[in-house]
Amino acid sequence: METKNRQDALSQIKHKKKEDRIRQKAIAEQRERVYNDMVAYEKKHRRERKIAPKDSFISLQHINKIYDNRVQAVFDFNLEIKQHEFIVFVGPSGCGKSTTLRMIAGLENITAGDLYIDRVYANDLEPKNRDIAMVFQSYALYPHKSVAGNMSFGLKIRKFPTKVLDKEGKPVLAINKGLIRDLTKERKNLALFREDCLATNPERIPQIDKDLAELDEKIAYLQVTPVQKYAMKHLPKEEIASRVLSAAEILQITEYLDRKPKALSGGQCQRVALGRAIVRNAKVFLMDEPLSNLDAKLRVQMRSEIIKLHNRLNATTIYVTHDQTEAMTMATRIVVMNKGYIQQIGTPVEIYNHPANLFVATFIGSPAMNLFPSTFKNGSAVFEDGLAMKLEEGSEAKVQAFYENELASYQKEKETLLAEFKERNLLLEKLEHLRSLPASSKTDHEIKETEFEIEQVTRSNERLSFLEDAIVKYQEFLAKKEFDIVFGIRPEDIYEEGKAYTDGMLSDPIAGVVTVPELLGHEYFVHINFENRDLVAKIAAKRLINAEENINVVLDLTRAHLFDAVSSKIIE
């Protein structure tokens, strides 16, 4: 008996290893296919004429990043940034925010997608030609140079376009051969793209012909029309010194210009790093977690300094952080990222009050939103212990419509995914061929092996597995009229009974016991045991609240959020 159990255990281990081997191989093949398809698509469409959006200063269109090991770091990133905006990318470590910033800077290649900076197609531009100033997390100061030397070094080694004047000081005119060469290359690529579209997208030919005619007209004009001539030259020493002094005055580090970095504090080093960016007079400032090495008090001070600096310079800034407080206090708009995907884009108020999903709801806000698994039925949220909380009128129709739309959307996505699942489809063709052969022990074995391989390959696709599970659950929800949801409410939308400062719909009083009262001076973060979970309420410190004290609270149900427990999306 013991021998048989050991053999069964070894057999299960062997079977599990076989499953894992097939899945890992399938995952590797899918990643390789996605990469090859993306590269092929990009190669073809790079020939297309690139026209920047009119109302954007920086435009990121369908940006994807896949590394050499075929791991994808950024998925279909789309963002339009207006001039003078302060955009903050926020998310946990490894979510793709710094990678996206580095692609904008030109420090990482873009696998697929289009980047425009100030209406110029920037995918192929060298970092030095993008007119971008970057502030790094580590300051990156030269230890042997003074503050002035660090701030001026970039200006000293860089050349800038300068008007060419004759002996009388008049502008020199010449044919712009460089621009003619660039436009001629663009025309050649567009002509090749036209050949591709003849077979695949003939409806695009009229627009392509129009673009070709426009390029021909521009080239013909430039070939006979002299324009102002520019030459690349170093800035005069006086200009460099003036820029350094001006930036030092803005940052209040004039008295430190002769010091070396080792004689400066962390905050002063950060100011020098900012000064090095300011002297560039760049179109765009990129900041990659510049305050993460500072202590809490200095971070607060430097936050306000950076905001003042942004407003004073009238700059366009993209700022990366994992600190949601920095995002909320600094941003014109926030881009919340997770696992390489954009979760939500909006103003701080929009992100806070209307989170798109559970990730955003928990990541933005301190303390985080209170979340409780529950079931929605008959217009109420029914919690795990049976407590039913009647929600706003119209909630039934809203929930029903949400799940009907999600079910239809997921069914369509599943069909598309299966149709494009090449690895699975090849195995299905092999299985069909095997079943058409005369029956034999060898054929039967190959059929079983192929069926097993199809099962593992199908399960290797996480998105497909999610869709299949979600579709089954949504169909059950709609049949029963009962929906698994997560009920969410912010701590500031919870009040002591009789002290609610809102005109919204209130819940019935909830009796609880204070487990931890956190006094923050003007308010308490009161932790209450509810549904065997921690319910946190923000309550004004008008009286002393003690641990183990009985307390009754009410919830502002007008401000409550319902999330789908399957997809984590907000139900709206």
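**View 1. Lys65 touches Val71, Gln72, Ala73, Val74, Thr99, Met103, Glu108, Asn109 and Thr111, leaving aside residues up to four places away in sequence.** Contact here means heavy atoms within 4.5 Å. The model is predicted: local features need pLDDT of at least 70, side-chain atom pairs count only at pLDDT 80 or more, and totals for chains, interfaces and linings use all residues. Residues are numbered from 1 along each chain as its sequence is written, and side-chain values use heavy atoms, with hydrogens and water left out. Lys65 lies in strand β1 (residues 58-66). Strands (E, at least two residues) and helices (H or I, at least four) are DSSP runs, numbered from the N terminus. Lys65 has 7% relative accessibility, so it counts as buried. Buried means under 20% relative accessible area, exposed means over 50%, and partly exposed lies in between (1.4 Å probe, protein chains only). Thr99 is 34 residues from Lys65 along the chain, yet their C-alpha atoms are 8.1 Å apart.

**View 2. Helix α3 (residues 147-157) packs with helix α7 (residues 266-278).** Two packed helices are described by the angle between their axes and the distance between the axes. Here the angle is about 30 degrees, and the axes are 8 Å apart. Axes are lines fitted to C-alpha atoms, for helices over the stretch in contact; angles run from 0 to 180 degrees between N-to-C directions. α3 and α7 are therefore roughly parallel to each other. That term covers angles under 35 degrees; over 145 is roughly antiparallel, 65 to 115 roughly perpendicular, and the rest oblique. Which residues meet? Val147, Asn150 and Met151 in α3 meet Val272, Gly275 and Arg276 in α7. The residues of this contact divide into three nonpolar, two polar and one charged. Ala, Val, Leu, Ile, Met, Phe, Trp, Tyr, Cys and Pro count as nonpolar; Asp, Glu, Lys and Arg as charged; the others, Gly among them, as polar.

**View 3. Five strands form an open antiparallel sheet, in the order β19-β23-β20-β21-β22.** β19 and β22 (533-540) stand at the edges with a single partner strand each, so one side of each has no neighbour in the sheet. Neighbouring strands are turned by 50 degrees against each other on average, direction ignored. Two strands pair if DSSP finds at least two bridges between them.

**View 4. Strand β23 (residues 550-555) is joined to strand β19 (residues 494-496) by three bridges.** Tyr495 has Val554 in β23 as its bridge partner. Four bridges join strand β20 (residues 510-519) to β23, and these two run antiparallel. Gly512 stands opposite Ile551 in β23. Ile510 stands opposite Val553 in β23.

**View 5. Asp76 and Lys339 both take a positive phi without being glycine.** For Asp76, phi is near 45 degrees. Asp76 sits in strand β2 (residues 72-81). Asp76 is partly exposed, with a relative accessible area of 41%. For Lys339, phi is about 55 degrees. Lys339 belongs to the loop between β13 (333-338) and β14 (341-346). Is Lys339 buried or exposed? With a relative accessible area of 64%, Lys339 is exposed.

**View 6. The peptide bond from Ser366 to Pro367 is cis.** Its omega is near -5 degrees. Pro367 lies in the loop between α11 (358-363) and β15 (370-377).
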